[in-house]
Structure formats: C-alpha cells, structure tokens
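Please open the model in your viewer and keep the selection panel at hand.

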Amino acid sequence: MRSRTLQNPCRIRISPRFLRSFLTHKRRRRRQAREGSGMWLFKKNGPSGFSSSSTAEQVTSGIDASSLTAIVTGASSGIGAETARVLAVRGVNVVMGVRNMDSGKKVREEIVKQAPSAKVDAMELDLSSLASVRKFASAFNSSGRRLNLLINNAGVMATPFTLSKDKIELQFATNHLGHFLLTNLLLENMKKTAVESKKEGRIVVVASEAHRATYPNGIRFDKINDKSGYSSYLAYGQSKLANILHAKELSRRLKEEGANVTANSLHPGVIATNLFRHMTLISVPVVSGVIEAVGKLAFKNVEQGAATTCYVALHPQVKGISGEYFSDSNLSKPTSFGQDAALGKKLWDFSMELVK
Ligand SMILES: NC(=O)c1ccc[n+]([C@@H]2O[C@H](COP(=O)([O-])OP(=O)(O)OC[C@H]3O[C@@H](n4cnc5c(N)ncnc54)[C@H](OP(=O)(O)O)[C@@H]3O)[C@@H](O)[C@H]2O)c1
C-alpha cells in the first residue's frame, strides 16, 4: 500500500512549529526507549511483544478473523488503506467508508489483486457532513450486516480555518464529530452483534500524540467555530484530544451498560502520508533535505503505521481492555486532559447537542 502514501515524501515541506514538535516527539521517544517502550530504531519490544517497528501483518500474524465484519473510515489512503488490507487478509469482511468513491475503488482493487479471497466493499461517507454520516449508517444498518469492529481512522490535519457543511470547524467536525455520530448510529448494531456472535465488539479510534499540543483548556467549547484565535495545529491537537476523550467516555458508558463492546484510542506513529498536505510550506531545500534524512530514519512506513490499529482491533491480548490509549502496539498514557473524565463527559454532552 506504499503507493497510497505521498508519492514523493522528499517534497514534504515542514513548518518551524512542526519541526519543534517533531523534535520534542523524538526526545520523548528517546526517553520512552530508556524507560522500556522503545523507539523503533532500537526495535525494543514492549510488554505486548511488539515494538514501533512491528508491522500490521506481524501483530496480527496467525489470527483468523473470518467471522468478523469491520468498518474502516478513511480507507482510501495511508494508514486506513493498509488497515483495510491487513484486516481483509486476516479474513475480516471490510467495509471501507470513503468520501471519494474512485479512490476507494482503486484501493479495493489493489487489495483484491493481492488477496483474491478478500471481502472488501466501499461505501460513500463524508465525515464532515452529518447528513452523509446518517446516510451511511442507515444504509449499512438496513443492509442487515452485522458489525464487530469500527475503526474510526479518517482525518485531516492543520487545515486553514474552514467550516464544514454543518458550519462546524472542519478538523473538529471531521476528526471527532462525524465519528461521534457514526459511532452512536452503529452502536445498537454492534451491541446486538456482540450478543449474537458471542464475540467482543471493538471500537478503535485513531488519535495522535498531537493531542499534547492543544488549546489552554483542552477543548475550546465556547469558541469551537471561531476564526479568532484559531490555530491550525492546536485545532488538530484539540480534535485528537477529542478522539481520546470520546473513546474513554464511550468505554465508561459501555461498561456501565454491561455491553460486550470495548472502545480504545491510539497513536499510530509518525508516517509520511497525505495527511501532511496542509502543512505550512517553507521553501528551504536544506531544511527539507534534513527532514527527509531524519524522516527516513525516524518515521514509520504505512505497514508499521497500521500496526497499532490492527493490534487493538484483532489481538487476543487486548480482549476486555477498554478506555485505554495505545502506541506502538502497547499500552500508553495520554496527557492529563486525555484522562480527565469530567472533560470527557462535557465533550459528550456538547457533541450530543451538535448532532441533534
Ligand atoms: N500520518 C501520521 O503521521 C499520523 C500521526 C498521528 C495520527 N494520524 C492519524 O491517522 C489517521 C489516518 O491518517 P493518515 O496518516 O493515513 O492520512 P491520509 O493518508 O491523509 O488518510 C486520511 C484518510 O481520511 C480520509 N478523510 C479525510 N477527510 C474525510 C472526510 N471528510 N470524510 C471521509 N474521509 C475523510 C481521507 O480521504 P481522501 O483520500 O479522500 O482525502 C483519507 O482516506 C488520521 O486520523 C490521522 O489524524 C496520522
């Protein structure tokens, strides 16, 4: 699936701000390596037996998931395309939720070419439109399909200030709110499927370490759609914090109900994908040359980038684990905002109001 990542990562131009946060990330990874979770260059396995260099195929090796059905959002490129491919290779019946049906069909064809027995379909889904989310969920539920796995993967990063069709800031709308509504609309199906199949349902939310860089109060509830004070990077961090809080609060609710469905979030690593398309440009060849050299050593490829998602979705080690945050196919810890139950509850109520 490398062909679905940026055609020429050398041409990625990085802003000074991103460079600073990348170097901070590298320092954190070095510290984690010393503490045991491991930077992928060192390939040190964590308690799960996997590391940042493990690929999605490796972390799901030997797993037969042929009785399961999954939805993977944003499966038309990058991590989502690789996640869909590996789940399909493990036998999962995969429905790709994509906003661009032509790209989705191309990815589907590639998967089927590599794995002719793969069961993969593409259905149209624009997460920045609540009407599109409702249409997708209604079509899926009324098709009579059961749902075991929901992979909330689609995302945009660092977009210039834009309002969605529903007049909601685009990164919050796409990365969090669309997935929030989608999950709610598919939840009854997932709970029923878990009872009938006697198999744990799993909701996997692809968040990011970028949740560490957010607005001072975490979520700008009172200014969510305000252009004033908008920072494309902090708004991305805010939406990724929302992903973590969503999974945590959802998990709490599912536990309270006694539903056999878990919800977890994760950081996939840093991978050169189309996600970086909105990064601020700096036309300094030396800087981009350095980034390219460092990137080759420190970034993951998509095969590694999809590993944590596939691990959390399929691995037996994750059975019964819910409300947690993963990185490099191991348990990890989000910021204190990411662990703040009251903030999670506030975000839930706020999101419910917005999707009414
Ligand atoms: N790459 C990284 O370093 C990194 C690091 C941390 C977290 N993540 C997270 O990983 C996830 C996947 O990102 P990626 O790196 O694989 O980026 P990517 O290659 O750009 O893939 C993002 C996917 O989301 C889809 N998408 C965007 N807006 C959508 C919308 N309104 N409705 C439906 N689908 C939409 C894109 O569709 P189109 O193909 O039509 O654009 C694409 O399929 C994101 O949630 C991202 O935040 C990535």
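Predicted model: local features only at pLDDT ≥ 70, side-chain atom pairs only at ≥ 80, totals over all residues.

Residues are numbered from 1 along each chain as its sequence is written.

Next, colour by burial. Of the 356 residues in the chain, 51% are buried, meaning that 20 or more other C-beta atoms, placed from the backbone, lie within 10 Å of the residue's own.

Now select residues 232-257, helix α7, together with residues 341-355, helix α11. Their axes, lines fitted to C-alpha atoms over the stretch in contact, come within 9 Å and cross at roughly 95°. The two helices, α7 and α11, are therefore roughly perpendicular to each other (65 to 115 degrees). To view the contact (C-beta atoms within 7 Å), show A242, L245, H246, K248 and E249 in α7 against L343, G344, K345, L347 and W348 in α11. By class, this contact has 5 nonpolar, 2 polar and 3 charged residues.

Finally, centre on the ligand. Around the ligand are 28 residues, each with its C-beta atom within 6 Å; G74, G78, G155, T273 and L275 come nearest. Select residues 78-89 as well: this helix, α3, supplies the largest share of the shell, 3 residues. Colouring the shell by class gives 11 nonpolar, 15 polar and 2 charged residues. In this classification, Ala, Val, Leu, Ile, Met, Phe, Trp, Tyr, Cys and Pro count as nonpolar, Asp, Glu, Lys and Arg as charged, and the others, Gly among them, as polar.

Methods:
Buried ≥ 20, exposed ≤ 12 C-beta atoms within 10 Å, placed from the backbone. Axes fitted to C-alpha atoms, helices over the stretch in contact; angles between N-to-C directions. Helix = DSSP H or I, 4+ residues; strand = E, 2+ residues; numbered from the N terminus. Parallel < 35°, antiparallel > 145°, perpendicular 65-115°, else oblique. Contact = placed C-beta atoms within 7 Å.
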